[in-house]
Amino acid sequence: MIFGKTLKLMAGKDNPQERLDLVTIRARLEEASGRRTWQSLDELAETQEFKNFLHHEFPHVPEKSSGQVSRRDALKFMAASAAFAGLTACTKLPTEKIVPYVIAPEEIVPGKPLFYATAMPFAGIATGLLVESHMGRPTKIEGNPLHPASLGAADAFAQASILTLYDPDRPQVVTRQGRISTWSAFLDAINELRADQLVKKGEGLRILTETVTSPSLADQIQNFLKQFPQAKWHQYEPAGRDTVREGSRVAFGEYVNTYYRFDRADVILALDSDFLCYGPGALRYARDFADKRRIVDNKSTMNRLYVVESTPSNTGSMADHRWALGPREIEGFARTLAQQLGANSGGVSITAPAGIPTDAIPTIVRDLQNHKGTSIVLAGDQQSPAVHALAHTINHALGNNGKTVIYTDPIEANPADQTQSLGELAADIRVGGVETLIIIGGNPLYNAPANYELRSLFFPLPTTPGGARPASKVKLKIHLSLYNNETSELCDWHIPQAHYLESWGDARAYDGTVSIIQPLIAPLYDGKSAHELFAALSGEPGRTAHNIVHDYWKNQKSIKDYEIFWETSLHDGVMAGTAFAPKSVPPAANYNVAGGDSSTGSGGIAIIFRPDPTVWDGAFSNNGWLQELPKPITKLTWDNVAMLSPGTAQRLGVTKGEVVELRLAGRALRAPVWVAPGHADETITVHLGYGRTRAGRLGTGIGFNAYALRTSDRPWSASGVDIIKTGERYPLAYTQYQHMISQDQKEVEEESVAAFNRQLVRVATIEEFRKDPDFARDSEENTRADDSLYPPYKYDGYAWGMAVDTNSCIGCNACVVACQSENNIPVVGKEQVSVGRAMHWIRIDTYFRGGLDDPETYYEPVLCMHCENAPCEGVCPVGATVHSPEGLNEMVYNRCVGTRYCSNNCPYKVRRFNFELYSDWTTPSLVPLRNPNVTVRSRGVMEKCTYCVQRINAAKIKSELEDRDVRDGDIQTACQQSCPTQALVFGNINDPNSRVSKLKAQSRNYSLVAELNTRPRTTYLARLRNPNPEIKG
Amino acid sequence: MGPLNTQPPAENESRPLIGPGYDFASVSDKISSIVLTKGTPRGWYFGFAIAFSLMMLLLYAASYLLMTGIGIWGNNIPVGWAFDITNFVWWIGIGHAGTLISAILLLLRQKWRTSINRFAEAMTLFAVACAGTFPLLHMGRPWLAYWLFPYPNPMGTWPQFRSPLVWDVFAVSTYATVSLLFWFVGLIPDLATLRDRAKNRASKIIYGVLSMGWRGSAVHWHRYETASLLLAGLATPLVVSVHTVVSFDFSAGVIPGWHSTIFPPYFVAGAIYSGFAMVMTLAIPIRAFYKLEDFITMRHLDNMAKVLVATGMIVAYGYMMETFMAFYSGSQYDRYMIMNRMTGPYAFEYWLLILCNIAIPQALWSKRVRNTIPALFIISLIINVGMWLERFIIIVTSLHRDFLPSSWGMYYPTRWDWATYVGTIGLFVALLFLFLRFLPMISIFEMRQLVAETDEGAKKD
Amino acid sequence: MRKHPIYGLMAEFATPEELLHAAHTSSKAGYKRMDAFTPLPIEGLSEAVGFHRTLLPVIVLIGGIMGGSTGFGMQYYANVIGFPLNIGGKPYDSWPAFIPITFELTILGAALSAVLGLLALNGLPTPYHPVFNVPEFELASRSHFFLCIKARDPKFDLVKTKEFMESLKARKVSEIQA
Amino acid sequence: MAQIFHRSTNTLSRLSIYGAAFIVVALGGGIYEINESPYFTEVNVAQPQPVPFSHKHHVSELGIDCRYCHTSVEKSSFAGVPPTYTCMSCHSQIWVNSPMLEPVRASLRTNRSIEWTRVNALPDFVYFDHSIHIKKGVGCTTCHGPIGEMPITWRANTLYMRWCLGCHRQPELYVRPRSQIFNAAYQPPNNQLALGQELVKVYKIKNQKQLTDCVTCHR
């Protein structure tokens, strides 16, 4: 009965207590402002009542040096009390309260979730989302099927951002010089500032924002700049797209936005571009790309993907041909290609890359030429302007422009070379030209190029050694941000920023489509949005974000019954007719693409900077889900590493986990080595976003800060880095390869070899598949139903099952986060991960084929197989895991006594055990986050994938209330829903017409370790490759 | 037990089972005096103190476990079981020798069992007590352990009787009960002796209550012997079944290295192997400390050594068959499992186990070794280690690399793993010390029978 | 007890052989209600004092059968009638899986009935018993051998019986206070 | 040798053996009984409420339909407890000054919810859904008991899993015609079994396998 107690602490089910407050707030808003309008939010937030609620609901979390410690103690206590609660054999349920509304908001049916469309701005660019809200508290983020950049999918960042919303480490009050202040006090300060600056026309007034695509915000800023003509607006995005913009400017003489139509492309050449997983439109690209290689039968066709890249990436692992090239070589490769295609190659000497067989390039050229208008050549966001320019001219030469490659006006409100723009700001500060600096979001003091030495400008060093530090030349520094971070620390004012789920706004998607960002909850921490801040700066503090956005578009769309248009835009999550029209831009004649190559310079080892796959530029450092999310291919968690190719590692005599010192242009950095199969030789990759000093209890002080080596002239790669061995070792936590005791690559290879011997991954080329469509089928004797002494169990009615098409899986991790969010899966921390106790219910197994120098990489999402003859069930002594009449392998948490026998006996090791009290029961702000339809597991309980049984039950009940059967597609598991490529399909396998049945009917269908006769319900479809027959190897 | 009509001693049993010059009186006095003397030897206090402190360590480890969870151990996914179940199987195995000596050797009319069966049985009880703690401690939510027993409850649920763990519960609890009964029945006449020999009133009463008024009536003796024989007849299949059921925990699984039909016989053999080793380990110091060389003679040790060789060879055969089957079966998983055992991360433990369980014990073939007490003592210790390693290897190496390479892992014990293990050893020894102090460690009335028989023999020639 | 102020007569012997011989002679002499007390079981003695076969085996058999049937019944009820569940696709009545517990409970039932039966038939516990009144009786659990002819015996006569017993080369014959 | 024990100990010792056995059994029985007792189950224990709301009065005497207050009972898992507003829709006209209703008026005034004590509580790992039970012909009083006769509400059933299973195993013994679901005074007819079996067919109620499946209630 221990659950009976514990779950009271967490809103396992809608705990009436939590429900009340948030919802009455919401209800109050409704009254205050009518449907879906959120004006007077901040007035309300000012009320004492609201403050009390906040305090009672989200009391301040005391600053702890390390969150771990305090959490651990708490855990002990909880565990103990839990234990003693349990020890009394029969415990009485505690008395509960029911707390009804005073006045019920009409659209809320207690116990039923609502969905709202909104959008998340990521590096300024929007992805459309649907957010599930239970009784007024957002609990789950999903993709918006109506949004062109999502089509129903959502990436890991977007889905995990809900955890950031409830992050207890977010600042909760306005601070001035680090001391608690208030918004109204700040407004007074602003008024002084305005009074002062209006006279000076904004002389010495500077605005620093991140990339802005929000038309309404841009409009506000422009108005502001009208008021203060001398003021300047700078933008900086650490993992920004400067080189992309610059490339287009070089090629076309103006900034243009480029997006691609993979649904029309048969041959794709990616120049170090991870377009499937990162960058604007990635979700859409992944879907279109996968659709072009979906296999129905052996007549199906596939597109072909060539990739040259330095760092192993998800896109690289999907390639039919992949070559690992160093940064310099990639540009050389692009030039060679351009030249052979007769395109403008910049008229500089061609350096044909060594890392690629000589016969390959002509073959690729031929392949591209055979697909004029149906091919794409694209360069990665981190490639030099030159490479981008070359890609543009190649596409032009191939006649892809307007067909597969679309050019539009830039989606940024104010496109610029941001690195340069920040440089100007730094220079102005240095000469004392900046009096007031207003920073909107971002964290420049952490992530600005090292050579700008921004920090010392904010916090000058003593002129004389040991002397007093002079005051910063910038008199007034104001920072609006989600966290009180390294930058806020040195600002005079810090204003807590409202999370995008708390505030109104708008943003453009990769193709210009505008989405309205509508809040799902009143700001939990008194946060303000950029809109509200600029309203204040422009002298109209009363104006709410809602009005600003609403009115801006009212002026833009001069249509009658605008309110209906507005409501529709809110409801759909996209604003009709806002996508940019394609425009034809001829490349400027014979432009010079020489130089600009950011990686030339002295030889030696080249270093590559990349945004981190899970914490990006550091913005997500304090997000436990993302920190613990195994990074693609490396499976690393909670750290960043310096990646080397096996060959280079051997040459340098370094092994995994060994700490080396990287020296570049007088700057140094210590980083643990990771040996990455398929990495380019003589090249080292470091990921940005770690080494934070002020990120919060989770993000502070883990990993190393790669920005320390990054300079404005070489933002993405530089040559001549020296690697010095230190002899130290650094413990790393990863979720695969955990059996390795020695650090050499032998065991990685052994593992993958075993995987292929055991036919866990089944691969063929499309030709082979056409010849032998059954190559993947399980052998007859492994699939006989009568392989048991006992009679087989009959499943009539629904029979749930899943098919996983490994041909579509790009290993993007979206499913992992979706599952974590849907099923209240706890975060366990680095130490626990390193001893093999990560809790993810779905994992993406990664195997290599071929030598580790340039291997093929294969992904295989593994979740519970829901075996019909489940080995786990027979061994459970209490029947805590049993089989449902619909074929689900059920895990009954409240019955589990934790013998772990089931996990031992699981051939797929998909079961996860709460070795300690992992679920956080002590942080109040995390309570509203939880999915009320899924039990939060206590300590000592086994758990595993349930096929999202809560969704199955909901759908079944709904169908019965409507007197019908569950239709195919009614039930989507969380992982399936989030998957950008629709690699996972769930449904009723007793219905021959369901999508899952059709997939399972394919000849590529096979099950893992079929010879055990476990008869898994989760089966896999074999991976196919489409290599160019003319290329050997 | 038909004592007076036993067959004439076979030629290999030339040496006496009891020193010369003992009659009913002196036997009774000598053994009971150990219990009834006022003063307790200083050595006893010393040994008990050490054992007791280890017992406290167990208590500490267990409470911390209860507070924090299994996480304090090294267990993980994939290695869900490690030290916990290893220790469980090891202790249970040790227990088996006691029952074997008292039941099977009784049925086989092996007279030499007489002087060692009492403390062998006691050892069984204490070993089972130690074993019993692990199934409880290894649970994620031990406070719900009672769910493994069938009882009417508000949930209307029952245990899942197909699970070998539930079989374990019944097997082990039955085993504990029957062993206790058997042991106590054996004690009754001796308790009567103590009652009658005791000087002070307190012990008279205590032993009086325990002996339940036994007065050695001929009729009682008659029923008593029938009962002993029946119990022996019941305990014999029981002891075999218990370790068979324990081996089901593994052979019922699908994991390569577990899923094997050879487990039941070779687990039973292994159990007896380790059990006799433990009897040897205990007997040698005890006979020295309490000057019992006349009762626990060289011939006892010699016979036990022979049993060790025999069971050791069965175990060795088990290992061989395991390896053979892995290759013969043609299952690549089994093949990989064996190769991994022999060459993988736990290869050292594996070869150490072969050394301890197979190589070194071969020395016992030599009569000289069998008659050098230090050698016997050391070898018995080595076998105990070896048998522990065997269980560790079976559990951990099978789990740490099973079907999907992606989820292969490693297991490293934490200090809490060790604390729990060493703690149970403390518990075991502490109980043993109490037993030696307060109960006759050798069956007095059976020694009288031995005296009677040897007199018979004497008369005959 | 009223009729006979004493429980019987107790003769003490030095060796099993003497006792055995004495027992035989007294039963020949027609004494029925006798008992012998020895520190160790002695072949044939119980027959000599007129006891032939015990019920114990039957009791144990019954106990075993009861234990076994309870065991199987319990499992069958729980898995087939009480709460049938699909466990790994096995049938509800997967009887092979029920054998181990059935077996264990058979043994348990038999063993319990063996011990309880033993105590019950022997009328134990009997902390108080007239024979303990005999001063030397404490040696019965050590080295001496006793024969007792109870007063309940029809042929019992304090004087005659005493003479008879002394004629059996008993070291000492003493009256047992009831 | 002297007797150690007195005659009486023979009887005592034997008694004590039976006694021990008896005590063990009694203990088990005792615990079981306590677990079934109102102290634990709270069956028939009227819960104190901020406002002494009488279902007897509102349901039986005034004949207000259950759904007037418990609005979401047919739509959602949660039957819904009426917002203060609902109470006041009547009580702004009648019993306007009744001191008994002061908390209600206060609630509306201060915009603070009335905190009712939950009468029928389930542990949080049990996922009960009202709507489907109503849909499948389970009447309110089947679980909530004679609500129409409760001056103050009490729990009518243990809500133990065993109790739930009773109906999930044999729904035919409990289901009623749709028209009667909200009838607090409904008494099952004599032909309940026949009727029930008929209704089970009509309502397409799932078989026992489905209904006693663990995830029907636990997730």
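**Figure 1. Three salt bridges are found across the interface of chain B and chain A.** A salt bridge here is a side-chain nitrogen of Lys or Arg within 4 Å of a carboxyl oxygen of Asp or Glu. This is a predicted model, in which local features need pLDDT of at least 70, side-chain atom pairs count only at pLDDT 80 or more, and totals for chains, interfaces and linings use all residues. Residues are numbered from 1 along each chain as its sequence is written, chains are lettered from A and ligands numbered from 1 in the order in which they are written, and side-chain values use heavy atoms, with hydrogens and water left out. In one salt bridge, the side chain of Arg401(B) meets that of Glu750(A), with 3.4 Å from N to O. Asp402(B) forms another with Lys909(A), and here the closest N and O atoms are 2.8 Å apart. This pair runs between chains, from the loop between helix H13 (373–400) and helix H14 (415–438) of chain B to the loop between helix H30 (901–904) and strand S34 (912–913) of chain A. Helices (H or I, at least four residues) and strands (E, at least two) are DSSP runs, numbered from the N terminus. Are the two partners buried or exposed? Asp402(B) is buried, at 1% relative accessible area, and Lys909(A) also counts as buried, at 1%. Buried means under 20% relative accessible area, exposed over 50%, and partly exposed in between (1.4 Å probe, protein chains only).

**Figure 2. Chain B and chain A bury about 5,200 Å² between them.** Buried area is the accessible area (1.4 Å probe) that two parts lose on being put together, summed over both. Carbon and sulfur atoms hold 57% of this area. Look for Ile77(B), Arg141(B) and Trp143(B): they supply 16% of what chain B buries against chain A, more than any other three residues. In terms of contact (heavy atoms within 4.5 Å), 62 residues of chain B and 67 residues of chain A take part. There are also 40 residue pairs in polar contact, both at pLDDT 80 or more. A polar contact is a pair of N or O atoms within 3.5 Å; within protein, one must be able to donate a hydrogen and the other to accept it, and residues adjacent in sequence count only if both atoms are side-chain atoms. The largest share, five residues, comes from H2(B). On this side of chain B there are 39 nonpolar, 17 polar and six charged residues. In this grouping Ala, Val, Leu, Ile, Met, Phe, Trp, Tyr, Cys and Pro count as nonpolar, Asp, Glu, Lys and Arg as charged, and the others, Gly among them, as polar.

**Figure 3. His243(B) is a buried residue with a relative accessible area of 0%.** You will find His243(B) in helix H7 of chain B. Its side chain makes a polar contact with the side chain of Arg391(B), at 3.5 Å. Leaving aside residues up to four places away in sequence, the residues that His243(B) touches include Val89(B), Ile92(B), Gly93(B), His96(B) and Phe267(B).

**Figure 4. Ten residues of chain C are in contact with twelve residues of chain A.** The area buried between the two chains is about 900 Å², with 61% from carbon and sulfur atoms. How many salt bridges are there between chain C and chain A? The count is zero, while three residue pairs are in polar contact, both at pLDDT 80 or more. The side of chain C that touches chain A has five nonpolar residues, four polar and one charged.

**Figure 5. A network of salt bridges links Lys958(A), Glu962(A), Arg964(A), Arg967(A) and Asp970(A).** Within chain A, the side chains of Arg967(A) and Asp970(A) meet at 3.6 Å, N to O. Arg967(A) is partly exposed, with a relative accessible area of 47%, and Asp970(A) is partly exposed too, at 30%. Over all chains, the whole structure holds 77 salt bridges.
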